Amino acid sequence: MKKVICLLLIAVLMLCGCGTKIEEKKGTSASAPSKEPTSVSAASIEKSSVSVKNKKATPACVKIKKVAANYFSGKELKGIKVQEKSIIDKNKYFSCNIKYPIFMGEKYKSFNKLVEKVVREKSSYNEFFGSSKDDEDYPYHSKIEVSYKVRKLTNQFISISFEGSISSGHMCHVYNIIFCINYDLQNENDIKLSDVVSDMDDFFKQMPKAIKNQMKEKDVVKDYQHAWKSYKKKELKKSHDFYICDGKLYCLVQIPAGSGPYEFVGISKSKL
């Protein structure tokens, strides 16, 4: 009898042990699959987001003429003496403060003459209003302010941008004054865009890409790309609205209307 009881107890204990193992196995097999797919999917999502962030935009390039290659290269000159001049004029109807540089040295003589001529033409009162600054029938006070930046200065080439504004009591907006002077010192030539760019058709196609690469907001990109499409290639060839700096050509893109926002959009030169 005792043997029977012992055998029954052993059988019960064995059954309890097997049930526990079965439950443990079931618990392990049920929990493992649920965690593993989650961790894998999270990692894949993270990797995909990183790859999107690290994806580099395709650079826009402009084909340049061989003679213009030196405009992009050359050692930047330092220690050149520059005298800052100002055209200051004021009466009860009008005031202006137009700053421009005069470079010291005989080699800059023709360039300095060009600067003074262009600055006076681009920033003149009559240029905007078509009337005299002393006209008593024009009682609205007007103001012109222009400053400059030397973008590149080498033994062969100078590139300067001028930016400012003109306002008047009768105008709803402040109007932009933007222009550039690019000058070949060796040949004493005023440089226009067609003197630098070898393929204007390709340049026209590349600029929307350069706009997209430089600007981040989609709406802003669309506005500037739309503005660029309104430019005419024939006018661009004669344009001086660009400067060269840090191995890039920066071309002016302005939202239509003089009071609209503007940006100098940089585009790299392609290899010759």
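Guide: Two strands count as paired if DSSP finds at least two bridges between them, and the model that we are looking at is a predicted one.

Visitor: How many bridges join β8 to β9?

Guide: Strand β8 covers residues 242–245, and strand β9 covers residues 248–254. Two strands need at least two bridges to count as a pair. These two run antiparallel, and the number of bridges that join them is 4.

Visitor: Which residue takes a positive phi in the hairpin of β8 and β9?

Guide: The hairpin has 2 residues between its strands.

Visitor: Which residue has its charged end over the ring of Tyr243?

Guide: Tyr243 belongs to β8, where it is buried, and its bridge partner in β9 is Tyr250. A charged end also sits over the ring of Tyr243, at 4.1 Å from the centre of that ring, and it belongs to Arg151.

Visitor: Why is one side of β1 and of β8 left without a neighbour in the sheet?

Guide: The open sheet has 4 strands with mixed pairing, and their order is β1-β10-β9-β8. Strands β1 (61–62) and β8 stand at its edges, so one side of each is left without a neighbour, because each has a single partner strand.

Visitor: In β10, which residue is the bridge partner of Cys61?

Guide: Strand β1 is joined to strand β10, residues 262–269, by 2 bridges, and the two strands run parallel. Within β10, the bridge partner of Cys61 is Ser268.

Visitor: Which strands does helix α6 touch?

Guide: Helix α5, residues 200–214, packs on the sheet and touches β1, β9 and β10, with its direction at about 110 degrees to that of β10. Helix α6, residues 218–229, packs on the sheet as well, and its direction makes about 90 degrees with that of β9. The strands that helix α6 touches are β9 and β10.

Visitor: What share of the residues of the protein chain counts as buried?

Guide: The secondary structure of the chain comes to 7 helices and 10 strands. The chain has 272 residues, and the share of them that counts as buried is 35%.

Methods: Residues numbered from 1 in each chain as written. Predicted model: local features only at pLDDT ≥ 70, side-chain atom pairs only at ≥ 80, totals over all residues. Heavy atoms only, no water. Buried < 20%, exposed > 50% of the residue type's maximum accessible area, 1.4 Å probe, protein only. Contact = heavy atoms within 4.5 Å. Axes fitted to C-alpha atoms, helices over the stretch in contact; angles between N-to-C directions. Lys NZ or Arg CZ within 6 Å of the ring centre and 35° of its normal.
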